[in-house]
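Have a look at the sequence and the 3D view, then read on.

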Amino acid sequence: MATDLKLPSVTAILDAVGLGWRVEHVPAHVLDFARAKGRALHQAIRWHQEGTLDEGSIHEVIAPGFRAYLRFVQEARHIPIASEVELTHATWRFIGHLDRV
């Protein structure tokens, strides 16, 4: 559910109250790579859940994370309902995403 309200992300709220990750010492290119890697892994997991992932297309950089996810699903007997679910709350004024339900 997208919204026209301008709400801060959960990450921005945590940063604002001093509970965010301290990354100012990490070079920008390292952070950019980590973000891209995380997005790619999340997308692969989402496509896997939807049944549209070609596992042969998984890049070697995210392959270990994807294998760990598959191991978790098997060991925990996890049955996914949804991925990347957007949550917003106008009264509490936040927007965030659940990785997995």
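E24 is exposed, with a relative accessible area of 58%, where exposed means over 50%, buried under 20% and partly exposed in between, for a 1.4 Å probe and protein chains only. R22 is exposed as well, at 61%. The side chains of these two, R22 and E24, meet in a salt bridge with 3.0 Å from N to O. This is a predicted model, in which local features need pLDDT of at least 70 and side-chain atom pairs count only at pLDDT 80 or more, while totals for chains, interfaces and linings use all residues. Residues are numbered from 1 along each chain as its sequence is written, and side-chain values use heavy atoms, with hydrogens and water left out.

**Salt bridges**

- Searching the whole structure turns up 3 salt bridges, each being a side-chain nitrogen of Lys or Arg within 4 Å of a carboxyl oxygen of Asp or Glu.
- R35 pairs with D32, and their closest N and O atoms are 3.1 Å apart.
- Both R35 and D32 sit in helix 2, 3 residues apart, which is about one turn of the helix; helices are DSSP runs of H or I with at least four residues, numbered from the N terminus.
- R35 is partly exposed at 42% relative accessible area, and D32 is partly exposed at 46%.
- R46 bridges to E50, with the closest N and O atoms 3.4 Å apart.
- R46 and E50 are 4 residues apart in helix 2, so about one helical turn separates them.
- R46 counts as partly exposed at 31% relative accessibility, and E50 does too at 46%.

**The largest pocket**

- The largest pocket holds about 510 Å³ of space, a volume being the space filled by probe spheres set on grid points that are joined across faces, edges and corners.
- A pocket here is an open set of points on a 1 Å grid over the protein atoms alone, where a 1.4 Å probe fits, with protein on both sides within 12 Å along at least five of seven lines; lining residues have an atom within 4 Å of a point.
- Its lining includes T11, L14, D15, W21 and R35.
- Helix 1 (10-16) and helix 2 (28-50) each supply at least two lining residues, and helix 2 gives the largest share, 5 residues.
- By type, the lining divides into 6 nonpolar, 3 polar and 3 charged residues; Ala, Val, Leu, Ile, Met, Phe, Trp, Tyr, Cys and Pro count as nonpolar, Asp, Glu, Lys and Arg as charged, and the others, Gly among them, as polar.
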